[in-house]
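Hi everyone, thanks for coming. Let's look at one structure together and take it piece by piece.

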Amino acid sequence: MCPLDVILFQSDDLVIALPGATVFPEGAKLHVRMGVRRRAGTDDNAWRTRRELVMRGPHHVPLHPGAPLDDALLRLGVRFPDGGKATTVDGRPDYDEWPPPRPDHPVLRFDGGGGGSGASDDVATGHWSLWLWPLPPPERFEFAVEWPSCGVPLTFTALDGQAIVAAAGRARPFWP
């Protein structure tokens with residue numbers, strides 16, 4: 001595990017954080033956490049929609065090739081110093097072979113998660129993993145987040161690639 005402890009976005013009713021990553025020799029699983037709370041006076045329908053996006057996962061909003069992105073879609077991405085980049089809205093090719101061929105560009109995709117609400121219906125949380133391949137370079141790189149329907153403008157946050165690469169050097173297989 002590689003601690004990152006980064007707040008990607010925070011407002012009075014929404015927080016999106018990147019607390020850490022599980023790192024492997026060739027890639028990393030980035031752990032995204034979200035929390036939303038209902039503000040006084042929020043319309044019931046607007047609250048249900050936002051709560052559902054956080055709990056079910058904003059990646060459940062369908063992508064339609066060639067169509068503009070839905071504002072309800074959470075957009076996440078990375079940009080490396082060499083100009084390489086990947087986003088969660090990049091198309092994923094379907095391959096007929098297994099394992100699929102190695103991509104010729106960086107990949108960032110949702111890789112599971114979930115959400116819920118506690119005792120109060122006025123707070124909801126979500127936790128999502130992103131698979132990043134390849135490992136970032138051992139220098140600072142940028143992580144991007146944008147979520148128009150939830151008031152999140154395109155925001156870039158610097159991440160420490162050296163910490164992730166160092167954690168990859170400590171990764172060990174479960175079985176020899």
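Let me start with a term: a polar contact is a pair of N or O atoms within 3.5 Å; within protein, one of them must be able to donate a hydrogen and the other to accept it, and residues adjacent in sequence count only if both atoms are side-chain atoms. Here is an example: the side chains of D13 and R50 are joined by a polar contact of 2.6 Å.

Before going on, a word on where this comes from. This is a predicted model, where local features need pLDDT of at least 70 and side-chain atom pairs count only at pLDDT 80 or more, while totals for chains, interfaces and linings use all residues. Residues are numbered from 1 along each chain as its sequence is written, and side-chain values use heavy atoms, with hydrogens and water left out.

Back to D13. Helices (H or I, at least four residues) and strands (E, at least two) are DSSP runs, numbered from the N terminus, and D13 lies in the loop between β1 and β2. Is D13 buried or exposed? Buried means under 20% relative accessible area, exposed over 50%, and partly exposed in between, using a 1.4 Å probe and protein chains only. D13 has 9% relative accessibility, so it counts as buried. Contact means heavy atoms within 4.5 Å, and, leaving out residues up to four places away in sequence, D13 touches G35, V36, R37, R39 and R50.

Now the sheet. Strands of a sheet pair through backbone hydrogen bonds, either parallel or antiparallel. Here we count two strands as paired if DSSP finds at least two bridges between them. In this model, five strands make an open sheet, in the order β1-β2-β3-β7-β6, with antiparallel pairing. β1 (2–10) and β6 (107–116) are at the edges with a single partner strand each, so one side of each has no neighbour in the sheet.

Let's walk along β7, residues 123–133. β6 pairs with β7 over eight bridges; in this pairing, V107 stands opposite W133, and F110 has L130 as its bridge partner. On to β3: 10 bridges join β3 to β7, and the two run antiparallel. There, R33 stands opposite H127. Also in strand β3 is M34, which at 3% relative accessibility counts as buried.

What packs on this sheet? Helix α1 (residues 44–56) does, touching β3 (28–37), β6 and β7, and its direction makes about 40° with that of β7. Helix α2 (residues 161–170) packs on the sheet as well, touching β1, β2 (14–23) and β3, at about 145° to the direction of β1. For these angles, axes are lines fitted to C-alpha atoms, for helices over the stretch in contact, and angles run from 0 to 180 degrees between N-to-C directions.

Last topic: aromatic rings. Rings of Phe, Tyr and Trp (its six-membered ring) pair if their centres lie within 6.5 Å; planes under 30 degrees apart count as stacked, over 60 as edge-to-face and the rest as tilted. By this rule there are three aromatic pairs. In one of them, the ring centres of F24 and W131 are 5.8 Å apart with planes at 55°, so the pair is tilted. This pair links distant parts of the chain, with F24 in the loop between β2 and β3 and W131 in strand β7, 107 residues apart. F24 is partly exposed, at 35% relative accessibility. F174 and W175 form an edge-to-face pair, 5.8 Å centre to centre and 70° between the planes. F174 is exposed at 74% relative accessible area, and W175 is exposed at 70%.
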